[in-house]
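Welcome, and please open your viewer. We will go from stop to stop, with something to select at each one.

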Amino acid sequence: MEITDWKNLGFGYLKADYNVRTWHRNGQWGPLEVSDSEHITLPIAATSFHYGQEAFEGLKAFRGQDGKIRVFRMDENAKRMQRSAQGVMMAEVPTSLFTEAIKKVVKLNESLVPPFDSGASLYIRPMLIGAGAQIGVKPADEYLFAVIVMPVGPYFKEGFKPTDLVIYREYDRAAPLGTGKIKVGGNYAASMVAGQRAHQNGFSAVLYLDAREKKYIDECGPANFFAIKGNSYVTPKSESILPSITNMSLRQLASDMGMKVEDRQIPVEELADFDEVGACGTAAVISPIKRIYDADNDLEYNYGTEPGKVCVALYEKLRGIQYGLEPDPYGWTTIIE
Ligand code: PLP
Ligand code: COI
C-alpha cells in the first residue's frame, strides 16, 4: 500500500502489507506466522461467531522527529487483553508473545508508520478469538491471536477541536457486573444503536450514565470521560467502564503537573461545575468537549468552543512523550529497532 496524503487520513480500515497470527491448539501457542492476506479461515461454528468469544486491543505507534518509531505502553495492553481473555474464558496471550507480535508487525509495516509532521499514527489492533467449533455455550478448544495495523488520523473528525456529546438514558452499554470493564466485541455491538442515533443528531459520542441508577457519569462512547475542576482532574470510578491506558497516563501527568486526581463517582448534575471536559482513549487521544446535551431533560452544559488550557497542557505532554519530544520518565514507550 502506498499513501501520499497522510494529513487527511481518517480513522478507518486499510489493508496493510502484512499481519501476524498465531494459533492456540492442544493447550499451547504455536509460532508467529506472517501473512499478507486480510482473510482468515475459521470453522462455521467458531465460538467467536456464535457466542462472542472475542476480545481486542487498540494501541498506536508514532514516528518521532528523530525518525524513530515508538509504541506506547504495550505491556498494559497485554495485561488488559489477559483480563479480557479471563472474562470470556479464552486462552491468554502471554505478555512476551503479545509484545513480540507487535514489534514484528510494526517492523514489517514500517513504511506505513506516518511521518512525524502528519498528525497521523499507526493504529495497532490485536485480536483474540475463539476459533474452535462449538455449539453448546462453552469455550472453544482453539484460539487465534492476530495483529493487524493501519495508518490512522483522528477518531473524532474534529481532531483536537472540541466536539459535542449526548446523554440518552434509554441505553446502556454494559451492566454493572457485566463485561464493561473488559474489551470484548459484544460491548461495542451493544453501543451501536445509541452511537448511530448520536451521530445522526450531530454528536460525536454518547455519554452513558451508570446502568443501575442513572445517576453517575459512566463511559464516553469508545473513550473514558474526564473533567477539570479547579486544580483537580476528575474521572469516573465505575465497574462498567474500560480501564483506559490513556486515562491512566493522564492521571499520572496531571499529578506530575501538581493537580489533584479524583477517581470517584461523578453525579450527572456536577457537569454544571466543570471548567473543562474531555474524552480520552487511544483512538480519541484527548478530545475536548464543548457541549453535553442531556436529551431527556433538554438541558445543555457548555464548556467553550476552544480547548481549555489544562486539556491543551495534558495533550501536549502526552503527545510529547509519544513522539519522543519529551523525556519518558516512566518508560512508557518502546522503540522499534
Ligand atoms: N473506553 C472504551 C469503551 C474504549 O473502547 C477505549 C479504547 O480502547 C477506551 C475507553 C480508552 O482506552 P485506552 O486509553 O486504553 O485506549
Ligand atoms: C481504541 O481507542 O483503541 C479503541 O479501541 C476505540 C474504538 C476504535 C473501538
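## First stop: an exposed loop residue

Select Asp298, which is exposed, with a relative accessible area of 58%. Here buried means under 20% relative accessible area, exposed over 50%, and partly exposed in between, with a 1.4 Å probe and protein chains only. Asp298 belongs to the loop between β16 (285–294) and β17 (299–302); helices (H or I, at least four residues) and strands (E, at least two) are DSSP runs, numbered from the N terminus. Its backbone is worth a look: phi of Asp298 is near 45 degrees, a positive value in a residue other than glycine.

A word about the model before moving on. It is predicted, so local features need pLDDT of at least 70 and side-chain atom pairs count only at pLDDT 80 or more, while totals for chains, interfaces and linings use all residues. Residues are numbered from 1 along each chain as its sequence is written, chains are lettered from A and ligands numbered from 1 in the order in which they are written, and side-chain values use heavy atoms, with hydrogens and water left out.

Now select Arg73, in the loop between β6 and α2 (74–87). Phi of Arg73 is near 50 degrees, again positive in a residue other than glycine. Is Arg73 buried or exposed? Arg73 is buried, with a relative accessible area of 9%.

Rings of Phe, Tyr and Trp (its six-membered ring) pair if their centres lie within 6.5 Å; planes under 30 degrees apart count as stacked, over 60 as edge-to-face and the rest as tilted. Phe72 lies in strand β6 (residues 69–72) and Trp332 in the loop between α7 (309–322) and β18 (333–335), so this pair links distant parts of the chain, 260 residues apart. Phe72 is buried at 8% relative accessible area, and Trp332 is buried at 6%.

Select Phe98 and Phe145. Their ring centres are 5.8 Å apart and their planes at 25 degrees, so the pair is stacked. Phe98 sits in helix α3 (residues 95–108) and Phe145 in strand β8 (residues 143–152), 47 residues apart. Phe98 counts as buried at 0% relative accessibility, as does Phe145 at 1%.

Then show Phe11, Tyr123 and Tyr155, which form one aromatic cluster. How many aromatic pairs does the rule give? The count comes to 14.

## Last stop: the largest pocket

Select Phe56, Tyr155, Lys183, Tyr188 and Pro222: of the 39 residues that line the largest pocket, these are the closest to its centre. About 800 Å³ of space lies in this pocket. On a 1 Å grid over the protein atoms alone, a pocket is an open set of points with protein on both sides within 12 Å along at least five of seven lines, and lining residues have an atom within 4 Å of a point. Grid points are joined across faces, edges and corners, and the volume is the space filled by probe spheres set on the points.

Colour α5 to see the element with the largest share of the lining, 5 residues. Finally, show domain 1 (6–152) and domain 2 (163–322): the lining draws at least three residues from each, with domain bounds taken from an automatic or database domain assignment.

Technical notes:
On a 1 Å grid over the protein atoms alone, a cavity is a set of points where a 1.4 Å probe fits but cannot get out, and a pocket is an open set with protein on both sides within 12 Å along at least five of seven lines; lining residues have an atom within 4 Å of a point.
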